[in-house]
Amino acid sequence: MRYNFTPEQIADPQMGPAAQAVRSCVHCGFCTATCPTYVELGDERDSPRGRIILMKDMLEKGGAPTPEQVYHIDRCLSCLNCKTACPSSVNYQRLVDHARAHIQDHYQRPLFERALRWTIAKVMTRPALVRVGLLMARLGAPVARLLPGRLGAMAKMGLIARPSGPEPTHFPKPVLGPATVIQRIAIMPGCVQGALAPQIDSAVGRVLARRGIELVALEGSGCCGALPHHMGREDDSRAWAKKAITAYEAGTYDGVLITATGCSAQLKDIAQQFAGDPVWEPRAKAFAAASRDFLDLCTPMAAAPPRAFRVAYHPACSLQNSLKLNGLSEKLLEAAGFMIVPFLESHLCCGSAGTYSILQPELSGRLRRRKLGNILASNPDVLASGNIGCLQHLAAGEGDLPPILHIAELLDWAEGGPVPPALAASNLNL
Ligand code: SF4
Ligand code: SF4
């Protein structure tokens, strides 16, 4: 695609890759059929190709974007399905990340929207504050249930959460066997998961201990920075990244883990936030190289679950399009004695997409209905995923839903661990 970026813009470490992405696009449109928002809305401006033109015009010109540009770029999920379908290897991620940062720096959003985004960036990244929010949502449940739009989406997240106990700070020692290779992995607490579903990290600790891996809580770290990054708040995101890198460098570990695929994808891509920074870029690169996803560490293990459930596994976009760990979850679940049931359009985003389910509740809800319709048609006993955002978003759907839980909870139960809260609360015969 022809462009008019200046030599200074092309030389900029952040703008340069975005300009390169624009130049690589040959406008073929192969990506449109894979884009959830285009599939749902049928509007070229809500397709990857249409958004690339909007972002090109916005970034070339510089300064304040138009409301139309912001509207359609905001409606992008950053699911990166388009990236996997593109024959020209357009790095859409670099372009949309830079476009979101540009909007954050140059566009004055309405007051309510600014307050909401600030709240997400400052409150949802801190588990202690999320817990206060959960309590408030529960105390005010009759009112919270009636809240419309974005506030309703936030309140619902609190109302459906079933946290079981406090966030774990200690994890089991590895189970030693003759062929056991012990690894010591630092685990980051993350943000909302610690408050909404602390049982996930506990289950991960037990599952990995059976495989010779010891988890150690990474003191001094917190959120991975993905939540502010999704909103273009790069300063906030970089601050979280620096905390995590500094905390990791202070110890000696065989890697660093965070147990949501969306956060893993953020950690593996963390160096791009420091492109051109002589101090932090090399440190971020070393940290990214040490980052692990649960699926990088977990190996198949034969087990005999109390019930051999039919499992629908929802692969998060971060798992499919960023981490590229497709198919591993299904192998783990089958080895543990479960039956995987396939469903249509498993490649399409469920509408969770980081902060998207709160900021774009209408379109996010449409994508969830589409996803759940396809999943329920396969008649599963349970629905599993590896990303807290997807789990919470899907569990907030309408209708009679199966228990929805993290893959580690299911594996742990099959291998002799406790009954996961979502199963205990279900009417399934265990
Ligand atoms: S598939 Fe790639 S090259 Fe073709 S329009 Fe989409 S982004 Fe551009
Ligand atoms: S990232 Fe996802 S929603 Fe955004 S343009 Fe690409 S496919 Fe569409």
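**A tour from the whole fold to two ligands**

Buried residues, those with 20 or more other C-beta atoms (placed from the backbone) within 10 Å of their own, make up 49% of the 430 residues in the protein. This is a predicted model, in which local features need pLDDT of at least 70 and side-chain atom pairs count only at pLDDT 80 or more, while totals for chains, interfaces and linings use all residues. Residues are numbered from 1 along each chain as its sequence is written, and chains are lettered from A and ligands numbered from 1 in the order in which they are written.

Switch to a cartoon view to find 25 helices and eight strands, which are DSSP runs numbered from the N terminus (helices: H or I, at least four residues; strands: E, at least two).

Next, select ligand 1 and the 14 residues around it, each with its C-beta atom, placed from the backbone, within 6 Å of the ligand. Among these residues, C25, C28, C31, C86 and S88 come nearest, and helix 4 (48–61) and helix 6 (81–85) each supply at least two residues of the shell.

Now move to ligand 2, which 14 residues surround, the closest being C35, P48, C76, C79 and C82. Here helix 3 (36–41), helix 4 and helix 6 each supply at least two residues of the shell, so that selecting helix 4 and helix 6 brings up contributors to the shell around ligand 1 and to the shell around ligand 2.

Technical notes: Buried ≥ 20, exposed ≤ 12 C-beta atoms within 10 Å, placed from the backbone.
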